[in-house]
Amino acid sequence: MRKIAIVPALNEERSIAAVIAEIRAADPGFEVVVIDDGSTDRTAARAAEQGAHVLTLPFNLGIGGAVQTGLQYAREHDFGIAVQIDADGQHDPTQLPQLLAPLVAGEADVVVGSRFLGERNYKAPFVRRVGIRLFAAIVSAVVGQPLTDTSSSFRAYGRRAIVYFARDYPHGFVESVEATVIASRCGLRLKEVPVVMRQRLMGQSSLTLPLSIYYSIKVLVAVFVGIFRRSAYELKED
Amino acid sequence: MTPLRVSIFAAIAALILLAVVFELMRSRRLQERYALLWLLTGLVVFVLAVWRSLLGWAAGAVGISYPPSALFVLASFFILVVLLHYSTVISRLSEQNTALAQRLALLEHELEQERSRA
């Protein structure tokens with residue numbers, strides 16, 4: 001089964017090369033596609049030097065649009081497994097085997113690396129942790145399955161999920177919560193596995209408090225409306 | 001009853017709106033599908049401005065004691081509908097814009113691969 005790592009990147013020239021090298025070191029079977037989401041630095045060049053495929057978006061689409069571009073690439077080039085990994089080094093590629101296991105075993109279509117399952121060493125501001133917990137509780141109720149971490153962007157997708165999300169994936173920021181709801185509504189099987197995330201290698205979280213509030217409201221509305229929405233497409237595996 | 005001057009003023013305003021919309025369509029700066037709501041707005045305001053007893057009756061039916069207010073309420077309602085329509089248009093355009101950007105990135109990458117192979 002061909003595997004690809006989807007790395008959405010916006011101005012991550014300082015960490016992107018290391019992230020790609022780490023993915024390769026952890027599992028040489030992975031091809032890497034970096035989606036340059038409108039960077040103004042040398043992110044694309046650094047990624048290309050490391051031998052990654054680089055898809056350059058003409059302007060910034062936001063994380064959701066970038067991830068979807070990677071999934072479209074995976075669909076068109078017949079990858080059976082895609083993993084979404086942050087370009088800032090938060091996600092540890094040595095944990096890829098845990099993330100892939102449920103896909104390989106055929107138990108799930110979407111596997112989410114959760115910061116709150118198993119041993120907990122996730123350090124985040126109190127407000128952020130509360131927010132994550134709150135979303136987890138709401139989304140768990142909506143999808144009828146206990147979930148602990150719906151905003152984690154360390155995720156793996158099987159072929160059915162790749163094909164579906166290539167056509168229908170939420171755009172903008174904090175898209176993962178909506179994606180979880182969409183996945184469950186259209187019949188994709190979700191599973192969480194415990195992961196440990198690192199402090200980001202470079203840079204700061206892009207979320208300020210007013211933005212967090214704005215995104216939280218946006219996501220809550222999207223999730224609520226999503227309950228009443230039919231799937232945009234049928235599930236299939238082409 | 002609506003004061004005559006209000007009726008004349010509203011009728012003229014509606015006619016100007018209709019004329020401007022017509023001119024924009026004629027010069028191809030406004031597509032028919034986006035003009036329809038404006039034309040409807042102009043027509044309804046015009047009809048109610050000219051047919052004064054209808055406006056009086058309609059205002060009375062919904063409990064508005066001063067009929068010209070009904071004209072404003074109606075005009076605001078149409079403007080809200082037009083704005084909401086624009087929001088749907090913008091949403092669709094932004095979806096399409098995203099899809100095009102993604103397509104462009106994928107095709108550009110493919111083109112580069114072809115070139116380096118050649």
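Visitor: Why is Val223(A) called buried?

Guide: In this predicted model, Val223(A) has 21 other C-beta atoms within 10 Å. The cut-off for buried is 20 or more, so Val223(A) counts as buried. This residue is found in helix 8 of chain A.

Visitor: What is Val223(A) in contact with, leaving aside its neighbours within four places in sequence?

Guide: Val223(A) is in contact with Ile138(A), Val139(A), Val142(A), Val177(A), Glu178(A) and Val181(A). As for a residue elsewhere in the chain, Arg159(A) is 64 residues apart from Val223(A), and their C-alpha atoms are separated by 24 Å.

Visitor: What makes helix 7 of chain A and helix 8 of chain A roughly parallel?

Guide: Helix 7 (residues 175-185) and helix 8 (residues 209-227) of chain A pack at an angle of about 10°, with their axes 9 Å apart. Angles under 35 degrees count as roughly parallel, and therefore helix 7 of chain A and helix 8 of chain A are described that way.

Visitor: Which residues meet in the contact of helix 7 of chain A with helix 8 of chain A?

Guide: From helix 7 of chain A come Val177(A), Glu178(A), Val181(A), Ile182(A) and Arg185(A); from helix 8 of chain A come Val219(A), Ala222(A), Val223(A) and Gly226(A). By class, the residues of this contact divide into 6 nonpolar, 1 polar and 2 charged.

Visitor: How do you know that helix 1 of chain B and helix 2 of chain B are antiparallel rather than parallel?

Guide: The axes of helix 1 (residues 4-26) and helix 2 (residues 32-50) of chain B cross at roughly 160° and come within 8 Å. An angle over 145 degrees counts as roughly antiparallel, so that is the term for helix 1 and helix 2 of chain B. The crossing of these two helices is left-handed.

Visitor: Which residues make up the contact of helix 1 of chain B with helix 2 of chain B?

Guide: Among those in helix 1 of chain B are Ser7(B), Ala14(B), Leu18(B) and Met25(B), and those in helix 2 of chain B include Glu32(B), Trp38(B), Val45(B) and Val50(B). The residues of this contact divide into 15 nonpolar, 2 polar and 1 charged.

Visitor: Why is helix 2 of chain B also called roughly antiparallel to helix 4 of chain B?

Guide: The axes of helix 2 of chain B and helix 4 (residues 67-117) of chain B cross at roughly 175° and come within 10 Å. The cut-off is again an angle over 145 degrees, so helix 2 of chain B is roughly antiparallel to helix 4 of chain B. The residues that meet include Leu37(B), Trp38(B) and Val45(B) in helix 2 of chain B, and Leu71(B), Phe78(B) and His85(B) in helix 4 of chain B. This contact has 12 nonpolar, 2 polar and no charged residues.

Visitor: What makes Asn11(A) partly exposed?

Guide: Asn11(A) has 18 C-beta neighbours inside 10 Å. Buried needs 20 or more and exposed needs 12 or fewer, so Asn11(A) counts as partly exposed. Asn11(A) is found in the loop between strand 1 (3-9) and helix 1 (16-26) of chain A, and has a positive phi of about 50° although it is not a glycine. Most residues other than glycine have a negative phi.

Visitor: How do you know whether Asp78(A) is buried or exposed?

Guide: Asp78(A) has 10 other C-beta atoms within 10 Å. The cut-off for exposed is 12 or fewer, so Asp78(A) is exposed. Asp78(A) lies in the loop between helix 3 and strand 4 (81-84) of chain A, and its phi is also positive, near 60°.

Visitor: Where is Phe59(A), and why is it called exposed?

Guide: Phe59(A) is in the loop between strand 3 and helix 3 of chain A. There are 10 other C-beta atoms within 10 Å of Phe59(A), and 12 or fewer counts as exposed, so Phe59(A) is exposed. Leaving aside its neighbours within four places in sequence, Phe59(A) is in contact with Gly38(A) and Ala101(B).

Visitor: How many residues of chain A are in contact with chain B?

Guide: 15 residues of chain A are in contact with 8 residues of chain B. Helix 3 of chain A gives the most to the chain A side, with 6 residues. That side has 7 nonpolar, 7 polar and 1 charged residues.

Conventions. Residues numbered from 1 in each chain as written. Chains lettered and ligands numbered in written order. Predicted model: local features only at pLDDT ≥ 70, side-chain atom pairs only at ≥ 80, totals over all residues. Contact = placed C-beta atoms within 7 Å. Helix = DSSP H or I, 4+ residues; strand = E, 2+ residues; numbered from the N terminus. Nonpolar A, V, L, I, M, F, W, Y, C, P; charged D, E, K, R; others polar. Axes fitted to C-alpha atoms, helices over the stretch in contact; angles between N-to-C directions. Parallel < 35°, antiparallel > 145°, perpendicular 65-115°, else oblique. Left-handed = near helix turned anticlockwise from the far one by under 90°.
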